[in-house]
Amino acid sequence: MKVQFLGGADEIGRSAVLIDDSLLLDYGMAAESPPQYPVGDVNPDAVVVSHGHLDHAGAVPALMSSGDLPPVHWTPPTRDLATTLAEDTLKLHGSTPRCPFTDTDIRRLTQASVTHGYGEPFEAAGYEITLYNAGHIPGSAHVLVDDSEVRRTSGNRTQSDDGDTRLLYTGDFHTGDQRLVAPSTARPEADAVVCESTYSDVTHEPRDTVEQRFAESVQQTVWEGGTVVVPAFAIGRTQEAMLVCAAHDIDCYVDGMGQRVTEQLKRHPDFLRDADALRGATSSARFVTGRDGQRKRIAEQNTVIITTSGMLSGGPAMTYVPAIRHHPTNKVALTGYQVEGTPGRDLLDTGSAELDGRVLPVSAQVELHEFSAHADRDGLVGFLDSYRDTPVLAVHGDRTAAFAEELRDDGFSASAPELGETVEL
Ligand SMILES: [Zn+2]
């Protein structure tokens with residue numbers, strides 16, 4: 001089995017792994033300016049998408065522009081989320097050459113889509129594929145690729161020998177608790193593991209500690225008469241924050257793309273940890289449908305507002321944060337890691353940030369609550385413990401080489417492929 005890393009190898013963003021020039025796992029984009037896409041030209045026979053985040057699914061519509069549509073295999077939530085992301089990307093970049101796909105490509109993606117549940121093997125480009133719950137966001141999957149019964153009938157396959165390799169591509173995963181999704185527990189047998197390593201040098205606090213501190217902090221501000229803005233990613237984090245608020249009887253508004261995503265996820269109860277809890281959290285939350293006038297009025301209330309974007313790089317947060325920034329009674333409660341160079345990170349580090357084109361000092365309190373949806377170092381090593389005798393390829397991190405070395409010191413056979421590298425298994 002020949003495995004080529006077209007993106008998301010020694011970096012986070014634009015994940016893409018090509019198997020034998022035929023089967024593509026993920027095709028993401030990095031939302032930098034300008035956006036970054038996987039390297040090389042691909043013309044896959046089939047695509048499997050691990051989950052519906054931009055850096056794994058964002059560029060999939062670009063595969064729909066040539067004549068033959070490769071089937072795109074994913075879970076039902078991943079299909080819905082990827083479609084929402086594609087429409088959003090088109091809205092942001094559609095009129096520029098930065099967007100590698102059109103609305104026609106998005107429509108064709110619907111035709112190419114084939115959905116699967118967890119634990120139900122299917123065939124893609126001749127390989128047997130099985131998806132397992134990855135515990136990251138609803139619909140997220142570990143992808144097991146088995147070439148032992150590979151049928152060589154389709155496409156641009158040139159090899160003729162049957163293989164005997166089972167490759168486990170972890171995608172993004174979490175082995176710890178979240179309210180929205182159950183943790184990853186499946187450890188299918190594999191001959192090689194391509195493992196994400198986002199937090200390979202980080203130890204997260206226990207989730208209930210993080211949650212308790214967040215709830216107390218938010219409640220405190222509300223009791224003191226302040227307004228709390230909770231910046232959150234639309235996919236996963238917004239719903240997690242809603243569930244946490246509901247569990248602690250905290251009334252909240254929800255604004256931004258997270259509203260639509262919440263409605264989409266409610267249609268897939270089988271992929272949620274507790275569908276009733278999300279339904280309950282949705283009915284107790286107040287969804288904001290109005291314009292900036294309504295947002296400014298809400299920002300004056302003694303309340304909690306969960307809104308995109310998670311790192312303050314856009315979205316309705318651009319109205320809320322400037323509106324509440326003058327008063328130290330108010331609070332910005334960030335809900336996850338803030339990437340270097342984002343306004344969220346600047347706000348944490350310096351107390352001011354560029355919001356909607358203006359650098360603004362913020363007198364409101366600013367806090368970071370680490371609601372991670374990824375395994376931390378212990379989670380990664382705990383997962384890999386089931387694969388002690390299996391080669392591990394560390395990807396999707398900003399220190400993959402260091403992590404691979406640490407794994408080798410721990411007795412693993414581990415390496416860190418580079419962008420564009422091909423590995424023979
Ligand atoms: Zn992800």
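The following legends describe close-up views of a predicted model.

**View 1. Packing of helix α2 against helix α3.** Helix α2 spans residues 76-93 and helix α3 spans residues 103-112; their axes come within 10 Å and cross at roughly 175 degrees. Angles over 145 degrees count as roughly antiparallel, so α2 is roughly antiparallel to α3. On the α2 side, the contact involves Thr83, Ala86, Glu87 and Leu90, which meet Asp103, Ile106 and Leu109 of α3. Sorted by class, the residues of this contact comprise four nonpolar, one polar and two charged.

**View 2. The surroundings of threonine 83.** Threonine 83 lies in helix α2. This residue counts as buried because 20 C-beta neighbours are found inside 10 Å, and the criterion for burial is 20 or more. Leaving aside residues up to four places away in sequence, threonine 83 touches Ile106 and Leu109; both of these residues belong to the α3 side of the contact between α2 and α3. Glycine 52 is 31 residues from threonine 83 along the chain, and the C-alpha atoms of the two are separated by 8.7 Å.

**View 3. Strand β9 and its two partners.** Strand β9 is formed by residues 141-146, and six of its six residues are buried. In a regular strand, side chains alternate between the two faces of the sheet. On one side of β9 are Ala141, Val143 and Val145, and on the other are His142, Leu144 and Asp146; with all of them buried, both faces of the strand are covered. Strand β8 (residues 127-133) pairs with β9 in the antiparallel sense through six bridges, and asparagine 133 stands opposite alanine 141 of β9. Strand β10 (residues 166-169) also pairs with β9 in the antiparallel sense, here over four bridges. In this second pairing, aspartate 146 stands opposite arginine 166 of β10.

**View 4. Crossing of helices α6 and α7.** Helix α6 (residues 258-266) packs against helix α7 (residues 275-284) at an angle of about 145 degrees, and the axes of the two helices are 10 Å apart. Their crossing is left-handed. Thr262, Leu265 and Lys266 of α6 make the contact with Leu278, Arg279 and Thr282 of α7. By class, two nonpolar, two polar and two charged residues take part in the contact between α6 and α7.

**View 5. The parallel sheet ending in strands β14 and β19.** Six strands are arranged as an open sheet with parallel pairing, in the order β14-β13-β15-β12-β16-β19. Strands β14 (286-287) and β19 (365-368) are the edge strands, each pairing on one side only. Strand β16 (residues 331-334) pairs with β19 in the parallel sense over four bridges. Within β19, valine 366 is the bridge partner of valine 332.

**View 6. The enclosed helix α9.** Helix α9 comprises residues 317-324; six of its eight residues are buried, so the helix is largely enclosed by the rest of the structure. The buried residues in α9 are Ala317, Met318, Thr319, Tyr320, Val321 and Ile324.

Key
Residues are numbered from 1 along each chain as its sequence is written. This is a predicted model: local features need pLDDT of at least 70, side-chain atom pairs count only at pLDDT 80 or more; totals for chains, interfaces and linings use all residues. Axes are lines fitted to C-alpha atoms, for helices over the stretch in contact, and angles run from 0 to 180 degrees between N-to-C directions. Angles under 35 degrees count as roughly parallel, over 145 as roughly antiparallel, 65 to 115 as roughly perpendicular and the rest as oblique. Two residues are in contact if their C-beta atoms, placed from the backbone, lie within 7 Å. Ala, Val, Leu, Ile, Met, Phe, Trp, Tyr, Cys and Pro count as nonpolar, Asp, Glu, Lys and Arg as charged, and the others, Gly among them, as polar. A residue is buried if 20 or more other C-beta atoms lie within 10 Å of its own, exposed if 12 or fewer, and partly exposed in between; C-beta atoms are placed from the backbone. A crossing is left-handed if the near helix is turned anticlockwise from the far one by less than a right angle, and right-handed if clockwise. Two strands pair if DSSP finds at least two bridges between them.
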